[in-house]
Amino acid sequence: MSQPVTQCKPVAPHAFSPEEAAAVIEIQQKIYYYGWCIDHRDFAALDELFLPDAIVHYDVVDGTRAPWQEMREWLPAGLEIFRVTQHNMSNPMVELDGEQARSRTYGHLIHMQDRSDGEVSIMRHHSIYHDEWRKQGEWKIAARTLTNLYVDGPVLRGGDVATYREPMPY
C-alpha cells in the first residue's frame, strides 16, 4: 500500500531538461484527463491513471478513503445523485524526484442536482488534489488526497434528488 500523500511545495520556475518537461506535461495531461473521465463517468478509463495499489482519499464531507479498485466501484453510486458535474482542474504544480513526483492541483468542482420539486441545486466545491506519482513505464498516481477549501451549496441525498447513471446536460 502507498503511504499517505505528502504536501507538494511550490517549485520555483526553472529551466527543465527535455525529459523533465515531458514528464511534467504527461502528468499535467493526466490530471486534466481525470476530470474529463469523472465528468463523463468513464470510470474504466481511470485505470490508466492509477496504480492498482493506489490509495485514494476524498477528504471531504461524505468522502471516503480506499484503495483504487474499491474507489472505482464506489464512484458510480457516489456520482449518480448529480445530473452533471464539471471538474475544472487548474494550476497543477509538479515536483519531480527521479522516478517519483508530487503534484498539487486546484479543483473547482461543479455539481448539479435535480431536486424532487423540479428546482436545480448547485454545489460548487473548491479543493486541492494532492497526488503522488510513480513512473513505471509511464507516470501513474500512487496516492491521491482531495482536500476541501470551501463548499458553496448543499449536496442533497435520498428521495430529494433524481439519479443519473450517465451525465445528462441541460
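A residue is called buried under 20% relative accessible area, exposed over 50%, and partly exposed in between (1.4 Å probe, protein chains only). The model is predicted: local features need pLDDT of at least 70, side-chain atom pairs count only at pLDDT 80 or more, and totals for chains, interfaces and linings use all residues. Residues are numbered from 1 along each chain as its sequence is written, and side-chain values use heavy atoms, without hydrogens or water.

The chain holds 2 helices and 6 strands. Helices (H or I, at least four residues) and strands (E, at least two) are DSSP runs, numbered from the N terminus. Their order from the N terminus is α-β-β-α-β-β-β-β. The C-alpha trace spans about 55 × 30 × 25 Å along its principal axes. Buried residues account for 43% of the 170 residues.

Strand S4 covers residues 100-114. Aspartate 114 lies in this strand. Aspartate 114 counts as buried because its relative accessibility is 12%. Its side chain joins that of tyrosine 164 through a polar contact of 2.5 Å. Such a contact is a pair of N or O atoms within 3.5 Å; within protein, one must be able to donate a hydrogen and the other to accept it, and residues adjacent in sequence count only if both atoms are side-chain atoms. Leaving out residues up to four places away in sequence, aspartate 114 touches (heavy atoms within 4.5 Å) several residues, including Arg83, Glu119 and Tyr170.

Tyrosine 106 also has its place in strand S4. Tyrosine 106 counts as partly exposed because its relative accessibility is 40%.
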